[in-house]
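The exercises below are meant to be worked with the sequence and the model open side by side. Try each task before reading its solution.

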Amino acid sequence: MSTPATERLLKSNDENFTIDDFKSNMPRWCTGCGNNAILTALQRLCRDEKLPREKTVFVSGIGCSSRFPHYMNTYGFHGLHGRALPIAEGIKMARPDLHVFVNTGDGDCCSIGTAHWIHAIRYNMNMTVLMHDNHLYGLTKKQASPTSPQGLQSNTTPRGTFLEPLNPLSVTLGITNASFVAQAVDWNPESLFEIISRAYRHKGFSFVRILQRCPEYVPTMFDHWMNHPDKTLLLTHENGMQVSPSLAATYKNQETHDPLNLDRAREIASMTEQVPVGILFHDPEATRYDDIRDPDRPISPETIRSALDSEFDKFTVWPEQ
Amino acid sequence: MDTTTKPDLMPGTDGTKAPAAADKTVQTLDEHIVEIVSDSGEGAQKCGQSFAAIAARMGNGIWTVEIIPAEIQPPARSIEGASGNRIRVGANYVTNGGDETDLVVALNEQVLLGRVRTGELKPGCTILLENKWRDDRDEEIVASYTQTHDELVQAGFRVYEIPMEEECLRLVPDPKRGKNMFVLGILCNIHSFELQMARDQIAFIFGNKSQAVIDANIELLEAGHDWAECNLDFKYRIPATKASEPQIVVNGNTALALGVLASGMQVCAMYPITPATSASHYLSDIFEKVGGIVHQAEDEIAACAFAIGASYSGSCALTITSGPGYSLKQEAIGLAVMGEIPLVVVDVQRGGPSTGQPTKAEQGDLLFACFGGHGDGPKVVMAAASIEDCFYSMITARKIAETFNMVVVVLTDANLATAQQPFKRPDFSEDWIAPALDQSALPEAARPYDWDETTGIARRFIPGQPDGMHCLTGLAHDRDSAVAYDPLINQEGMERRSLKLATLQKTLTTPTVYGDPEGELLVIGWGSSKGAIEEAVDRVRQDGHKVSSLHLTFLQPLPSGLKEILHGFKSVMTVENSWSDDPASEIIDEDNRRYSNLAWLLRARYLVDIDCWSEVKGQPLKPGTVARVITEHLQ
Ligand SMILES: Cc1ncc(C[n+]2csc(CCOP(=O)(O)OP(=O)(O)O)c2C)c(N)n1
Ligand code: SF4
């Protein structure tokens, strides 16, 4: 059962219909769930980038959003709550030839997996990370998450959450060696696709926070943004997201923002009256841990034998001749 | 310094060259336990290790135990600050650290007191004590030194005060560095070691330093040697048999790291934790030579997850940790069990629970290794019993992990981690290493969990293999890796994963009994206590007792044939370095007594009334202690 949004998008790609190649099981998300749109965008990306299915791995944690890999006809790894990133790092380290994507929820990434998130940013390994941010815990049936707006009533906060939300964008931008930080919204397929494409093409850790609707538990969460397109700040730049005339017509409120400008990126990240959409920061030169650590010597019986022998020599007591 | 004003407390070292070398009788010993202790940073470790290495070069058996203070920089001259090494030198192959110390060299009286109070010294033990404290400017130090000295003499120790500082000052401006080589010279003289072997050893350990440094140290060594020759009235000789084949002398953690290299594993993810870390230190140094990497993750959970990711997409990876880190890894280990991802997990056990005793020896994680984690998580648990085992266990573990797509937990402990024992230099075989990664296309109908009906084994699909696309999940799943809520599918998955353990079990051979296959008592052990237990068994057999022992390498699954072995003995007990209640305690009885790990395991499986004895003193078990326990058990 696919959602209206999914069907709409599928139709728009009718001409060369190979998205099917990347479809696996029927998604089991609720009707109207924003995850469907994200799935479609990724299937389209895989098709457009001609990613070999066997060379592509989607890694996730636990949550509604983390069901994602089950719906891709690629390799998938549906792991542990909060631990998608270190699993993905291990995969990438062992196999630089694989295309690695990570799907993680706001609880998965910004609560139980926070330590890994912070360090993954710093490692800056080549992978595309999609943080499906519905501002609450969906799978466990409506508990507050670190990104829930202050006052959100949930099953664990019946009288409203107590604190201001954590801001995943400014946290990410605060970490040394951050290399790609973007924000997208699930309800605008064009910009979503464009941003994810940019993220995929960046060589390094691309972090995309996607505001994702959860009609089941917080149906009106993003209404304010959706109903007032002028509250969306579209970030444009020759080195950033490419904006089509139709997109420009939808979102007239725009800022030309150089993704290399970290200070401005941090200001944009902190905006509360508008929702920025686009690429906040992009530094293609940031150091990549997987590049540095990539062993330049292939493993072979000969290298092992000679390394072992030279080590043994250091510790050997030889019999008298 | 006027030595003549001193009370004559040193037999034969009153400042004159008392007993000439020619007067000394050389006493032949079967074995000698020697230790050297100092404040941290005075080089006692290096001295002890070198002494052991020279003994090994001489052809003696050795076992060394590190004496490590809990703090990095404990206050100088403190009882808890003793740092150094203890070396058991034997005429034959030595399998454990032995009993109490015969001879100790101490660079101050406080660190020595630490050793005395923990009962580590034999009654009448020979003490070679740095005497500079007798003339210290600080009166308190002088008082403490004299008092301790007098007490030790009174207690019957054979104390020799030695002007180490004074003698070294003749050769170097700062004796704090270099005194250890002077001491090494003394020890070599006492044990009649060939001086040239000691010179070679110094040249070897300072191999990356200038010739001037090497020469200066050799000079100190020779000075110590000469001093002992002229001033000490005793000398020993421990017969040695030079090895007929090359031996390597390393500690357990180094052996383990070498084993990792030899196994063809390529990724080790870890987070620093004592006493496991030194294995990763060494591996970090050598692994890249063969295309491997050591990843220091942000925590143990990440380390385990990283290793799982690497294993899933490549050849089997490993993670090395100790108790607290092993606790943190449990959820991830469960994922590897569920997803059938090969993984090697090393737990270098330390004292627990909680932060426990980080630098001390204990083997309390056995049941946790077997049954830790929620739900049923069949995994292999094996334990190294010697330094050599630490090496080969990595090769075996990797092989099992990849053959059965299972988690293999290898238990070692703080004792093995830091102890040195020579073993035959391994001869590399290509069979040891992992096969090349399978990237061939999978047949059309292949399913990611196509479990074999009998063995439970399914072919592993590795990313990159065409037509193998599926989503691995920690959720209950069917043969297609599809999430399954069907009760029968869950039942089947659990059964297949369990069957793999049974299949491995069918390949294990029954361990051999040490001693007669029948008798009054069978002592069962596992892990690092093997040497001590077997030595204890030898001793009590000499006393006429019909005692044998059995040592287990595979703890999960247990090999076949054990029940038959147990039935050959009137009684059976385990001896372990972990907690168990003392049945003699007032409120302990059969209804509430908590047994030590292996006793629980064996009692449950074999329905035999197996007794146990254990202690948690943070020390390796001593053969003398085990022999006493056995004798008491027989009464
Ligand atoms: C160790 C552990 N703790 C708790 C859970 C229960 N749990 C599953 S998903 C989840 C939160 C999901 O929220 P989020 O990550 O925001 O994803 P969403 O479902 O909203 O997509 C929790 C708490 C778990 N699976 N594992
Ligand atoms: S609960 Fe919310 S997040 Fe989860 S599938 Fe339903 S709509 Fe989506």
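**Exercise 1. Find the polar contacts of ligand 1 and describe the shell around it.**

Solution. Begin at the backbone of A:G107, where a polar atom is 2.9 Å from an oxygen atom of ligand 1, a polar contact being a pair of N or O atoms within 3.5 Å (within protein, one must be able to donate a hydrogen and the other to accept it, and residues adjacent in sequence count only if both atoms are side-chain atoms). A polar backbone atom of A:D108 is 2.7 Å from an oxygen atom of ligand 1, while A:N134 places a polar side-chain atom 3.0 Å from an oxygen atom of ligand 1. On its own, ligand 1 has 590 Å² of accessible area, of which the protein covers 77%; such areas come from the Shrake-Rupley method with a 1.4 Å probe, and for residues only the protein chains shown count as cover.

This is a predicted model, in which local features need pLDDT of at least 70 and side-chain atom pairs count only at pLDDT 80 or more, whereas totals for chains, interfaces and linings use all residues. Residues are numbered from 1 along each chain as its sequence is written, chains are lettered from A and ligands numbered from 1 in the order in which they are written, and side-chain values use heavy atoms, with hydrogens and water left out.

The site is shared between chains, because residues from both A and B surround ligand 1.

**Exercise 2. Classify the ring pair of B:Y160 and B:F234, and then that of B:Y392 and B:W432.**

Solution. Rings of Phe, Tyr and Trp (its six-membered ring) pair if their centres lie within 6.5 Å, and planes under 30 degrees apart count as stacked, over 60 as edge-to-face and the rest as tilted. Over all chains, the whole structure has 22 aromatic pairs. For B:Y160 and B:F234, the centres are 5.2 Å apart with 55° between the planes, a tilted pair. B:Y160 lies in strand β7 (residues 158-162) of chain B and B:F234 in the loop between α7 (211-231) and β8 (235-237) of chain B, so the pair ties together parts 74 residues apart in sequence. B:Y160 is buried at 1% relative accessibility, and B:F234 is buried at 5% (buried means under 20% relative accessible area, exposed over 50%, partly exposed in between, with a 1.4 Å probe and protein chains only).

The rings of B:Y392 and B:W432 have centres 5.8 Å apart and planes at 85°, so this pair is edge-to-face. B:Y392 belongs to helix α14 (residues 387-404) of chain B and B:W432 to the loop between β16 (420-424) and β17 (471-473) of chain B, 40 residues apart. Here B:Y392 is partly exposed at 27% relative accessibility, whereas B:W432 is buried at 13%.

Technical notes:
Near = heavy atom within 4 Å. Helix = DSSP H or I, 4+ residues; strand = E, 2+ residues; numbered from the N terminus.
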